[in-house]
Amino acid sequence: MDLLNALVDKGLRRELPTREEALAVLATSDDELLDVVAAAGKVRRQWFGRRVKLNYLVNLKSGLCPEDCSYCSQRLGSKAEILKYTWLKPDEASKAAAAGVAGGAKRVCLVASGRGPTDRDVDRVSETISAIKEQNEGVEVCACLGLLSDGQAGRLRAAGADAYNHNLNTSEATYGDICTTHDFSDRVSTVQQAQAAGMSACSGLIAGMGESDADLVDVVFALRELDPDSVPVNFLIPFEGTPLAKEWNLTPQRALRILAMVRFVCPDIEVRLAGGREVHLRTLQPLALHLVNSIFLGDYLTSEGQAGKDDLAMIEDAGFEVEGADTTTLPEHRRQHADDAAEPAPAADAEAPAGTVPAPSDENRRDLVAVRRRGAGTDLPPNA
């Protein structure tokens, strides 16, 4: 296909595709799917070889959030029967993190529910970062604590945080449809604060919330403009007890097309396969490794993932290798220019027609959504 050849050439040159080209990737047919995966796979291998970076989530504080994000099982008014607990102590969090590191994770992501941290919360997390780094030499630590206030990003960086995660989630035009307690610009500001403090920015999206193709392209282009070092791609987990519980809009094929589009727009950025992969990609997860260069190991914040040993077997069976702690994830040119402003994007083509919302799946696969009952906040061993 001329489209795919053009996208591969642009990806190898680190050139941004047009909006029209990104939309066209999402519009390809299932018959063309393997061609799309193969093309995006060439770009992935150019910048990341066959390495897969493993990341591990530790939920420091679960549930009880005052924000009303419709997709979240921890939201205000959620009736999802998830684990609810207040802050883990630093030694508890460090013990949970050690399980992920032992499983091969080189980055630990510390997440806490809430609008944003208080100064006391920043102190707590700083103590936790110190505990984790003392016990796990060389591990990367990413904090994800919500909206940041002035000075908090600098304090987290001084405490040893290597990265900060705050996802944009969906397009600016539709953000108000999924959340009313903060807006899109608040999220952009927090990512920029993290970058200004010297932390590596991690910011991504959630697909499957009923958005159009145009919405998906909008949020990925907005992310590219922010120029984070890593872009997690989440697929909605439709928890019972949340407003989006009936949004089963994804097929494995569509999930792969979304990942391919993200790779073409972010050729040399760490693209991470995040929450919901087991639910929506199912048996096609190994194909996604040709598109992403990073995944979460084991469980997520409030849902269970597949067994850590199965993740490792999948990576090996698909012909990939776990990225070692002594290997730098990003290509050399991104490491050299991490503090520089992002290059201006080429002028976009005329606005392409918005995609339509895909038809819901025929069946709501409730058997695929398992609430986390082990690991952090419980007496049971974690999955790593």
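Aspartate 213 counts as buried in this predicted model, because its relative accessibility is 9%, under the 20% limit for that class. The residue belongs to helix 9, which spans residues 213–226. Its side chain makes a polar contact with the side chain of arginine 254, at 2.9 Å.

Two packed helices are described by the angle between their axes and the distance between the axes. Those values are set out below for two pairs.

| Helix pair | Axis angle | Axis distance |
|---|---|---|
| Helix 2 (residues 19–26) and helix 10 (residues 252–265) | about 155 degrees | 8 Å |
| Helix 1 (residues 2–12) and helix 3 (residues 33–48) | roughly 10 degrees | within 9 Å |

With an angle of about 155 degrees, helix 2 is roughly antiparallel to helix 10, because angles over 145 degrees fall in that class. Helix 2 passes helix 10 in a right-handed crossing. Sorted by class, the contact between helix 2 and helix 10 comprises 8 nonpolar residues, 2 charged residues and no polar ones.

Helix 1 and helix 3 are roughly parallel to each other, because their crossing angle of roughly 10 degrees lies under the 35 degrees set for that class. From helix 1, the residues Leu4, Leu7, Val8, Gly11 and Leu12 meet Asp35, Val36, Ala39, Lys42, Val43, Gln46 and Trp47 of helix 3. This contact has 8 nonpolar, 2 polar and 2 charged residues.

Most residues other than glycine have a negative phi. Aspartate 227, although not a glycine, has a positive phi of about 60 degrees; this aspartate is found in the loop between helix 9 and strand 7 (230–235). Arginine 282 likewise has a positive phi, near 50 degrees, without being a glycine. Arginine 282 sits in the loop that joins helix 11 (277–280) to helix 12 (285–288). With a relative accessible area of 29%, arginine 282 is partly exposed, because that value falls between the limits of 20% and 50%.

Alanine 159 lies in another loop, between helix 6 (152–158) and strand 4 (163–165). Beyond its neighbours within four places in sequence, alanine 159 is in contact with Ser126, Ile129 and Ser130.

Technical notes. Residues are numbered from 1 along each chain as its sequence is written. This is a predicted model: local features need pLDDT of at least 70, side-chain atom pairs count only at pLDDT 80 or more; totals for chains, interfaces and linings use all residues. Side-chain values use heavy atoms; hydrogens and water are left out. Helices (H or I, at least four residues) and strands (E, at least two) are DSSP runs, numbered from the N terminus. Contact means heavy atoms within 4.5 Å. Buried means under 20% relative accessible area, exposed over 50%, partly exposed in between (1.4 Å probe, protein chains only). A polar contact is a pair of N or O atoms within 3.5 Å; within protein, one must be able to donate a hydrogen and the other to accept it, and residues adjacent in sequence count only if both atoms are side-chain atoms. Axes are lines fitted to C-alpha atoms, for helices over the stretch in contact, and angles run from 0 to 180 degrees between N-to-C directions. Angles under 35 degrees count as roughly parallel, over 145 as roughly antiparallel, 65 to 115 as roughly perpendicular and the rest as oblique. A crossing is left-handed if the near helix is turned anticlockwise from the far one by less than a right angle, and right-handed if clockwise. Ala, Val, Leu, Ile, Met, Phe, Trp, Tyr, Cys and Pro count as nonpolar, Asp, Glu, Lys and Arg as charged, and the others, Gly among them, as polar.
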